[in-house]
Amino acid sequence: MCSLILRSAKPEDLPVLARLFRNTVRQINRRDYSARQISAWSGRWRSLLERRDFFDELHTLVAVQDGAVVGYGNITAGGYLDHLYVHKDLQGQGVATALCDALETYALAQGAQILEVHASITARPFFEHRGYRVMEEQTVQVDGVEMNNFRMQKVSDSKMPGA
């Protein structure tokens, strides 16, 4: 993998992040969700264009490789990881790990003791590998379509980055 740069997201990144979100859900998550679920979930890309909370309430990072945005993620100061998406062609190449390391470090530096994510079926193994535990399987509604995901947590310890 070429050098990866992580930087803070800027408002002008939102259209690129929205497309990355849509394309990743459509290509990567389709192995675990029905066509109807994927359509509802990926259809949320338009609402990302209005997500001022990406900058006002969430610490949002963008991963850039060779000048192109290849991933993004965000987390609250309290430790709730909201988004973590990587370009469909760069899955398994360390982009999500780099983003998640930086996001967790940020939250821990802000005093978070517990990190939490609502992980898709697809993302569950990634988070389990990072030490997150499933607290519960849950059914959520996305534009009237039911989908399953997992509320997962990881408790801070002295071995974690930034702890």
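Student: Which residues of α1 are buried?

Tutor: An α-helix has 3.6 residues a turn, so residues three or four places apart point the same way. In this predicted model, the buried residues of α1 are L14, L17, A18, L20, F21, R22, T24, V25 and I28. Look along the helix for that repeat.

Student: What covers those buried residues of α1?

Tutor: The cover includes the helices α2 (35-42), α3 (45-48) and α4 (53-56). It also includes the strands β2, β3 and β4.

Student: How many residues does α1 have, and what length is expected for it?

Tutor: α1 has 15 residues. From its first C-alpha to its last it reaches 20 Å, close to the 21 Å expected at 1.5 Å a residue.

Student: Which residues of α2 are buried, by comparison?

Tutor: In α2 the buried residues are Q37, I38, A40, W41 and S42. What covers them includes α1 and α3, along with the strands β4, β5, β6 and β7.

Student: In which sense do β2 and β3 pair, parallel or antiparallel?

Tutor: Strand β2 (residues 59-65) and strand β3 (residues 68-75) pair in the antiparallel sense, over 7 bridges.

Student: What lies in the loop between β2 and β3?

Tutor: D66 is found there. D66 has a positive phi of about 50 degrees although it is not a glycine. D66 is also exposed, because its relative accessible area is 64% and the cut-off for exposed is over 50%.

Student: Where else is there a residue with a positive phi that is not a glycine?

Tutor: D143 has a positive phi of about 50 degrees and is not a glycine. D143 sits in the loop between β6 and β7, in a hairpin with 2 residues between the strands. With a relative accessible area of 54%, D143 is exposed.

Student: How many bridges join β6 to β7?

Tutor: β6 and β7 run antiparallel and are joined by 9 bridges. One reference point is T139, whose bridge partner in β7 is N148.

Student: What joins the side chains of E137 and N148?

Tutor: A polar contact of 3.1 Å joins them. E137 is in strand β6 (residues 133-142). Leaving aside neighbours within four places in sequence, E137 is in contact with N148, N149 and F150. E137 and F150 are 13 residues apart in sequence, yet 4.5 Å apart in space, C-alpha to C-alpha. E137 counts as partly exposed, at 49% relative accessibility.

Student: Is Q153 buried or exposed?

Tutor: Q153 is buried, because its relative accessible area is 18% and the cut-off for buried is under 20%. Beyond neighbours within four places in sequence, Q153 is in contact with I114, L115, E116, G131, Y132, R133 and M135.

Student: What pLDDT does the protein average, and where is it below 50?

Tutor: The protein averages a pLDDT of 91, and 95% of the residues score at least 70. Over residues 158-163 the pLDDT is below 50. That stretch has 13 contacts in the model beyond near neighbours in sequence. Where pLDDT is low, the predicted coordinates should not be read in detail.

Methods
Residues numbered from 1 in each chain as written. Predicted model: local features only at pLDDT ≥ 70, side-chain atom pairs only at ≥ 80, totals over all residues. Heavy atoms only, no water. Buried < 20%, exposed > 50% of the residue type's maximum accessible area, 1.4 Å probe, protein only. Contact = heavy atoms within 4.5 Å. Helix = DSSP H or I, 4+ residues; strand = E, 2+ residues; numbered from the N terminus. Polar contact = N/O pair within 3.5 Å; in protein donor to acceptor, adjacent residues only side chain to side chain. Pairing = 2+ DSSP bridges. Expected span 1.5 Å × (residues − 1). pLDDT = per-residue confidence, 0-100.
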